[in-house]
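Hello,

Here is the structure I promised to pass on to you. Please open it beside this email, and my notes follow below.

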Amino acid sequence: MSWTVFFVAIFSSMLINNVVLMKFLGVCPFLGVSKKTNSALGMSAAVMFVMVIAAFVSYLLYYLVLVPLEIEYVQTISFILIIASLVQLVEMIIKKVSKKLYKSLGVYIALITTNCAILGIAVENITSDFAGQYGLFPGLAVAVTTAFGAALGFGLVMFAFSSIRERLEGSNVPEAWKGVPVSLITAGIMALAFAGLGGIVG
Amino acid sequence: MSDVAKTKNVKKEMSRLANFTKGFFKENPVFVFLLGLCPALAVTGTVEASLGMGILVIFVLTSSNVVVSLIRKWIPHQIRVPSYIVIISTFVTIVGLLTEAYAYALHGELGIFIPLIVVNCLILGRAESYASKNKVHDAAIDGFGMGLGFLGALVVIGFFREFLSTGAIAYGVYLPLAETPGSIINIDSYVFSMDAFGQAPGGFLVIGLLLGIFNFVAILKRNKKERERQRMIEEKKRQALERKRQKAKEKAGANA
């Protein structure tokens, strides 16, 4: 195993298999919290925080608890419970440690439980061979790196999309296409651009 | 049996029917409420995959609604959302294992989106806003109707995407619908096939365009209604004016 694996993990999960535009994970916050650039950035920071921790914990849980006990089929239930309690925990910790950070992230953290990107990345780390082929120890690092890259990709797309939406606000859009429809079409055009990156990493 | 009771019964039946059909158009989860957009974008590359996803969601939604409604009085208010999630993910696990056993091709096609039914906002939303407040049979009807609305929306999106990307509709690939797997309803051969609509960008584009068209139709209808109303008002004004004149004339005649 060489160090390039980490580079590939970040690059592919951030740009090529972008969570929002290529895998359609986390579309709800992508459309819901992207009206202003500030809130989009806050959401992405919160997602990055939770996604990395969730990937770490769920990977450990799978290989240290579910596999030895041969109960891999409760994966979905255990992961979603872990994520839900983790979100609560992170919220409490942030509230205790930094009031300022809580003020800017607190609203978004509560929304994260139903963000499918978190559960999606946690499940994908298990089902795809990319991290799983290295087993528990180096695999854990690869899984966390993948989650980090995915969160970076989420933040990148959120930032770009919210900037576009801020400009769209002042532009002359036909009455019927105002709001969500034009945003979806914008996202489609962005996805076309990202589709051009496909195939760079096998 | 009095007439009052009878009309009450009829009313109840009507409301039950309305409860069943409200998810089709008026409260369509995808096109009106924008709930469950992740699967609506991700698995609608083909009609059959959308159909399969819709069936799974109907099953999970109906059974989770029933169970949530059954135990709604015992769930403490503070931990209701985690308990709903546990109930939903139980059914999702069942569905996942069943598809893996009996429809393996579908399982492969839907992939990660089967466990992700857990975080489909539609299901949690119905549990929170309807099943936790209503009786079991109402919750079951609501779940089934909403699920059918979801399936309808998915199939519409899937139809456009598959047709635009391949120029044909294939059936029997993932679901046992045809004797020979991979039969095709050939609508326009492969003369114009736009691959992008089958891939990721197409999902956003097709839903965006469909939503825009629905809005456009709604606006046209509203404008027409508005014009009709305006015309009615003017007509009434004219009539009133005419009556006034008539009266004035009669008065003048009587005076003379």
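Let's begin with the largest nonpolar core, which has 108 residues in this predicted model. Which residues have the most contacts inside this core? They are Met51(A), Ile118(A) and Leu119(A) from chain A, together with Val60(B) and Ile88(B) from chain B. Helix H8 of chain A, residues 137-170, gives the largest share of the core, twelve residues. Domain 1 (3-195) and domain 2 (199-256) of chain B both contribute residues too, so the core lies between these two domains.

Setting aside its neighbours within four places in sequence, Leu119(A) is in contact with Phe79(A), Ile80(A) and Ile83(A) in chain A, and with Leu116(B), Val118(B) and Val119(B) in chain B.

That brings us to the contact of the two chains. How many residues does each chain give? Chain A supplies 32 residues and chain B supplies 35 residues. On the side of chain A that touches chain B, the elements giving two or more residues are helices H2 (27-32), H4 (75-97), H6 (116-127) and H9 (180-195). The largest share of that side, nine residues, comes from H9(A). Sorted by type, the residues on this side of chain A are 25 nonpolar, five polar and two charged.

Now for the domains of chain B. The domain assignment gives domain 1 (3-195) and domain 2 (199-256). Their contact takes ten residues from domain 1 and nine residues from domain 2 of chain B. On the domain 1 side, helix H2 (37-42) and helix H7 (136-166) of chain B each supply at least two residues, and H7(B) gives the largest share, four residues. The residues on that side of domain 1 divide into six nonpolar, two polar and two charged.

Finally, have a look at a pair of helices in chain A. Two packed helices are described by the angle between their axes and the distance between the axes. For H6(A) and H8(A), the axes come within 10 Å and cross at roughly 150°, and the crossing is right-handed. Where do the two helices meet? Ala117(A), Ile121(A) and Asn125(A) in H6(A) meet Ala143(A), Thr146(A), Ala147(A), Ala150(A) and Phe154(A) in H8(A). The residues of this contact comprise six nonpolar, two polar and no charged.

Enjoy exploring, and write back with any questions!

Best wishes

How values were computed: Residues numbered from 1 in each chain as written. Chains lettered and ligands numbered in written order. Predicted model: local features only at pLDDT ≥ 70, side-chain atom pairs only at ≥ 80, totals over all residues. Contact = placed C-beta atoms within 7 Å. Nonpolar A, V, L, I, M, F, W, Y, C, P; charged D, E, K, R; others polar. Core = buried A, V, L, I, M, F, W, Y, C linked by C-beta atoms within 7 Å. Buried ≥ 20, exposed ≤ 12 C-beta atoms within 10 Å, placed from the backbone. Domains from an automatic or database assignment. Axes fitted to C-alpha atoms, helices over the stretch in contact; angles between N-to-C directions. Left-handed = near helix turned anticlockwise from the far one by under 90°.
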